Amino acid sequence: MNILVVYYSLTNITRSVAEIFKENFSKKHSVTLFELKTDPEFKSNNIKKDFKIVQLPELKGYDIVIVGGPVWAFGADFPILKFLELVENAEEKEFILFVTMAFPFKWMGGIRALSMMEKILKEKDVKVLEKFCINRMFKNVENEAKKVSENILSLIRT
Ligand SMILES: Cc1cc2nc3c(=O)[nH]c(=O)nc-3n(C[C@H](O)[C@H](O)[C@H](O)COP(=O)(O)O)c2cc1C
């Protein structure tokens, strides 16, 4: 399978998860990572809704598109929402969504963030295969990312 992992990361956590995904998936699949960047670039003190995405990934040629970002304010982060709004002609692809979050329970923003992301795709008739939440508090992100990557591998094996 040709897999594209599109992610946004403010403080490098989601990036580290995407890199672990790539390492694990690459044994059996062709994997490309694409990091979304914003203009202006966000720091934790200048996040706002008025921004542009610097460059969009080309989805053509990929069977599976995995999209992930951090939970912000009990919802999805703005760059990922904007990217999903801009997705076009993806009815033939299968999407998998993931978020990373600081709090220990997925109901502390993770579930809502993933629903917000899924809703945008469903309105475009894009299939969401599965959604994953990586909680960081009391957990080792690397181990959690490996577990999620194994889950994803089992989903796309066929
Ligand atoms: C503006 C902002 C809002 C956040 N809101 C939440 C939240 O509602 N729930 C939560 O668990 N973590 C929240 N976090 C923490 C991030 O989701 C978490 O640290 C994430 O793993 C960071 O990923 P990143 O390094 O890829 O940006 C927030 C972080 C920021 C910067």
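**Ground rules**

I number residues from 1 along each chain, as the sequence is written. The model is predicted, so I take local features only at pLDDT of at least 70 and side-chain atom pairs only at pLDDT 80 or more, while totals for chains, interfaces and linings use all residues. For helices (H or I, at least four residues) and strands (E, at least two) I use DSSP runs, numbered from the N terminus.

**Helix 1**

Helix 1 has 13 residues and reaches 18 Å from its first C-alpha to its last, close to the 18 Å expected.

I then looked up burial. I call a residue buried if 20 or more other C-beta atoms lie within 10 Å of its own, exposed if 12 or fewer, and partly exposed in between, with C-beta atoms placed from the backbone. In helix 1 the buried residues are T14, V17, A18, F21 and F25. They cover an arc of only 100 degrees around the axis, which puts them on the same side of helix 1; the arc is that of the directions from the helix axis to the C-beta atoms. I note the background: an α-helix has 3.6 residues a turn, so residues three or four places apart point the same way.

For contacts I require the C-beta atoms of two residues, placed from the backbone, to lie within 7 Å. The buried residues of helix 1 pack against strand 1, strand 2 (30-35), strand 5, strand 7, strand 8 and helix 4.

**Helix 1 against helix 4**

The axes of helix 1 (residues 13-25) and helix 4 (residues 141-155) come within 9 Å and cross at roughly 45 degrees. That makes helix 1 oblique to helix 4; I count angles under 35 degrees as roughly parallel, over 145 as roughly antiparallel, 65 to 115 as roughly perpendicular and the rest as oblique. Helix 1 supplies I13, S16, V17, I20, F21, N24 and F25 to the contact, and helix 4 supplies V141, E142, A145, K146, S149 and L153.

**Helix 2 and helix 3**

In helix 2 I list F78, P79, I80, L81, F83 and L84 as buried. Their cover includes strand 1 (2-7), strand 3 (38-39), strand 4 (52-53), strand 5, strand 6 and helix 3.

Helix 3 (residues 110-122) has 13 residues and should span 18 Å at 1.5 Å a residue; its end C-alpha atoms are 18 Å apart, which agrees. Its buried residues are G110, A113, L114, M117 and L121. They cover an arc of only 95 degrees around the axis, which puts them on the same side of helix 3. Among the elements covering them are strand 5 (64-72), helix 2 (78-86) and strand 8 (127-135).

Helix 2 packs on helix 3 at an angle of about 10 degrees, with the axes 9 Å apart. That makes helix 2 roughly parallel to helix 3. I see I80, L81, L84 and E85 of helix 2 meeting M116, M117, I120 and L121 of helix 3.

**V67**

I looked up V67, which sits in strand 5. V67 counts as buried, with 26 C-beta neighbours inside 10 Å. Leaving out residues up to four places away in sequence, V67 touches V6, I80, L84, F95, L97 and M117. From V67 to P79 I get 12 residues in sequence and 11 Å in space, C-alpha to C-alpha.

**Loops**

Background first: most residues other than glycine have a negative phi, and most peptide bonds are trans.

- The D39 to P40 peptide bond is cis, with omega near 0 degrees; P40 lies in the loop between strand 3 and strand 4.
- D125, not a glycine, has a positive phi of about 60 degrees. I place D125 in the loop between helix 3 and strand 8, where D125 counts as exposed with 8 C-beta neighbours inside 10 Å.
- F138 has a positive phi near 70 degrees. F138 is in the loop between strand 8 and helix 4 and is exposed, with 6 other C-beta atoms within 10 Å.
- A73 is in the loop between strand 5 and strand 6 and is exposed, with 11 other C-beta atoms within 10 Å.

Methods: Expected span 1.5 Å × (residues − 1). Axes fitted to C-alpha atoms, helices over the stretch in contact; angles between N-to-C directions.
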